[in-house]
Amino acid sequence: MTIQPPSALECRSLGFSYRGGAGATPVLQDVDLDLQAGERVAIAGESGSGKSTLLHLAAGLETPSAGRVWVNGTELGSLSERERTLLRRRELGIVFQAFHLIPTLTALENVALPLELAGIARGAAARERATTQLASVGLSGKADRYPEQLSGGEQQRVAIGRALVHQPALILADEPTGNLDSATGESVFRLLLEQVAATGSALLMVTHSSALAERLDRTVRMIDGRLLAQDRATADGRFAAGSTA
Ligand SMILES: Nc1ncnc2c1ncn2[C@@H]1O[C@H](COP(=O)(O)OP(=O)(O)O)[C@@H](O)[C@H]1O
Ligand SMILES: [Mg+2]
């Protein structure tokens, strides 16, 4: 008998509302989503439909108004704030549209930071591992540069290195190529795919590009805060088989 790894991400009946003067404004309703270990899923949908909110809930950065979220088998709502932070540092990597590197740290230091924060490696050991990781994103020669001394594409390569250096179960990427020209976006996307394949991380990626979405295992679409499944990949039987279990 094989032991199934836990889902990288499971969302059940997830809801989220903003509370304002006029009452609660629903942003997400009844969202169910399951990403198996290593599965790569695109989220499509119009601006304002709730895609980023879903990623924030998956990262435990917002608290759902309804429903529950599990990351790599642990329910976020069962954890204290501190435990949630630790889980995020160990199990998650996040890639933003606007890179969000720490401006006062070099490329190498940005990549080493998650290792230190998660308590995986410190000092020279963290630097050594970050050096290897920086080479794997093609930036060996730029380890000592600060973010403002790097191009947008290079900054996103550093951000991908940082998101994956601790081999998290799940990568959340919010329009990671949205600020890049199409050639740079293509090479950054290819790098992201290579890196998640190397670590076995699952990937949940918001994108407006159907050409990029088609290269993942499947696409879900957000419409007015509700998630519709579509385009379940059948060419590759890995995930089709799992869906009937
Ligand atoms: N701080 C906030 N207060 C109230 N409404 C918000 C806030 N942040 C986002 N929203 C609303 O939540 C909805 C979903 O936003 P978001 O998840 O960012 O959408 P997307 O990423 O799909 O563009 C939008 O209608 C947006 O206006
Ligand atoms: Mg968004």
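Residues are numbered from 1 along each chain as its sequence is written, while chains are lettered from A and ligands numbered from 1 in the order in which they are written. Because the model is predicted, local features need pLDDT of at least 70 and side-chain atom pairs count only at pLDDT 80 or more, whereas totals for chains, interfaces and linings use all residues, and side-chain values use heavy atoms, with hydrogens and water left out.

**Helix α6**

Helices (DSSP runs of H or I, at least four residues) and strands (runs of E, at least two) are numbered from the N terminus. Helix α6 covers residues 182–199, and its 18 residues should span 26 Å at 1.5 Å a residue, which agrees with the 26 Å between its end C-alpha atoms; the expected span is 1.5 Å times one less than the number of residues. At the start of α6, a side-chain oxygen of D181 lies within 3.1 Å of the backbone nitrogen of A183, and after the helix comes G200, with a positive phi near 75°.

Buried residues (under 20% relative accessible area, with exposed over 50% and partly exposed in between, using a 1.4 Å probe and protein chains only) of α6 are G185, V188, F189, L191, L192, L193, Q195 and V196. Their cover includes the strands β3 (40–45), β7 (170–174) and β8 (202–206), together with the helices α4 (123–136), α5 (152–164) and α7 (210–213).

**Helix pairings**

Two packed helices are described by the angle between their axes and the distance between the axes. Axes are lines fitted to C-alpha atoms, for helices over the stretch in contact, with angles from 0 to 180 degrees between N-to-C directions.

| Pair | Axes come within | Crossing angle |
|---|---|---|
| α3 and α5 | 7 Å | roughly 25° |
| α5 and α6 | 10 Å | roughly 15° |

The angle makes α3 roughly parallel to α5, a term for angles under 35 degrees. Contact (heavy atoms within 4.5 Å) is made here by A107, N110, V111 and P114 of α3 and by V158, G161 and R162 of α5. Helices α5 and α6 are likewise roughly parallel to each other, and their contact involves residues including G153, Q156 and I160 of α5 and V188, L191 and L192 of α6.

**Residue Q97**

Q97 is found in the loop between β6 (92–95) and α3, where Q97 is partly exposed, with a relative accessible area of 28%. Leaving aside neighbours within four places in sequence, Q97 is in contact with Q156, D174, E175, G178 and N179. The C-alpha atoms of Q97 and S7 are separated by 25 Å.

How values were computed:
A polar contact is a pair of N or O atoms within 3.5 Å; within protein, one must be able to donate a hydrogen and the other to accept it, and residues adjacent in sequence count only if both atoms are side-chain atoms. Angles under 35 degrees count as roughly parallel, over 145 as roughly antiparallel, 65 to 115 as roughly perpendicular and the rest as oblique.
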